[in-house]
Amino acid sequence: MSQTNSAPPVLRAEAIGKTLGKQLLTPVLYDVSLQVEKAEFVALTGPSGSGKTTLLYLLGALDRPSQGEIWVNNQRTSQMKDPELTELRQKEIGFVFQFHFLLPEFNALENVIIPQLLAGKPRHLAEKRASDLLERVGLSHRLKHRPVELSGGEQQRVAIARALCNQPPLILADEPTGNLDTENTEQVFSLLHELNRTEDLAIVFVTHNLDLAARSHRTIQLRDGRVTSTGVAPADRPKTSA
Ligand SMILES: Nc1ncnc2c1ncn2[C@@H]1O[C@H](COP(=O)(O)OP(=O)(O)OP(=O)(O)O)[C@@H](O)[C@H]1O
Ligand SMILES: [Mg+2]
């Protein structure tokens, strides 16, 4: 892996906490600090209910922490108003969820074009990037298919193309292979791995699959809302390691 010690981390969380619920206040995350460098491929693991999805939502500025601070690509999010957060998400972060959340009434190409139009890109450029990305994920023969006309693995690959469409430096993926069979899991995981390597993309992916976690650069473990391990950070890794 390239050494990027001088560059600021793509993602930094400092002592964040989160309490969920209105009547029944439930503390879900406690004092979580972590950092993700440019082009890192990080697995986020932990038992069901340990707070992985909640954490990913906070890191992706889809929700606000109750305590602590988060920086995305060196931008501190706590002071930002909602429109600024929306812009930050559009530019800096691509999301891949367990359930793809593609727009059902639009075809694959349109699903990858629309977020670019929302970010202000001219239509012809958005179309070109969408078809390039869908080719990259092996779906150039399915551009006009709507989500219901695609397999689960194909839908997830469209979701990955959509996550990449505005060229973010960071992908946050919540169990991207959670609903897929072994073959599609391998295909989607290999695709994420390749994008990490070739595009210098930082990827944080939640998984219950320890084999996949073992193939990432490092694993951050959560248990009962606390980080129990952040793996070996790149700065502390021996220089000889790949
Ligand atoms: N709206 C809510 N109000 C109160 N508690 C909530 C709310 N949403 C989630 N929780 C609780 O927060 C905890 C963390 O949930 P979260 O979805 O982050 O877990 P997870 O690690 O992603 O689990 P899984 O592996 O099952 O997806 C759980 O114990 C859950 O019951
Ligand atoms: Mg979850």
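I take a contact to mean heavy atoms within 4.5 Å. With that cut-off I looked up the contacts of this predicted model, and I noted that, of those with a separation of 6 or more, 70% are between residues 24 or more positions apart.

Overall form came next. I found seven helices and 10 strands in the secondary structure of the protein. The radius of gyration is 18 Å, close to the 18 Å that the globule rule gives for 242 residues, so I recorded the protein as being as compact as a globular protein of that length. Along the principal axes, I noted that the C-alpha atoms fill a box of roughly 45 × 45 × 35 Å.

I then turned to burial and surface. I have 47% of the 242 residues down as buried, while the accessible surface comes to about 12,000 Å², with 50% of it belonging to carbon and sulfur atoms. For the charges, I listed 27 positive and 28 negative side chains, and I noted that the centres of these two sets lie 3 Å apart.

My last entry concerns one sheet. I recorded an open sheet of four strands in the order E2-E1-E4-E5, with antiparallel pairing, in which strand E2 (26–36) and strand E5 (75–76) are the edge strands, each pairing on one side only. Within this sheet I followed the pairing of strand E1 (residues 11–20) with E2, which is antiparallel and runs over seven bridges; I also noted that Leu-20 stands opposite Thr-26 in E2. As a reminder to myself, strands of a sheet pair through backbone hydrogen bonds, either parallel or antiparallel.

How values were computed. Residues numbered from 1 in each chain as written. Chains lettered and ligands numbered in written order. Predicted model: local features only at pLDDT ≥ 70, side-chain atom pairs only at ≥ 80, totals over all residues. Heavy atoms only, no water. Helix = DSSP H or I, 4+ residues; strand = E, 2+ residues; numbered from the N terminus. Rg over C-alpha atoms; globule rule 2.2 N^0.38 Å. Buried < 20%, exposed > 50% of the residue type's maximum accessible area, 1.4 Å probe, protein only. Areas by Shrake-Rupley, 256 points an atom, 1.4 Å probe, with all protein chains shown as cover. Lys, Arg positive; Asp, Glu negative; His and termini not counted. Charge placed at Lys NZ, Arg CZ, Asp CG, Glu CD. Pairing = 2+ DSSP bridges.
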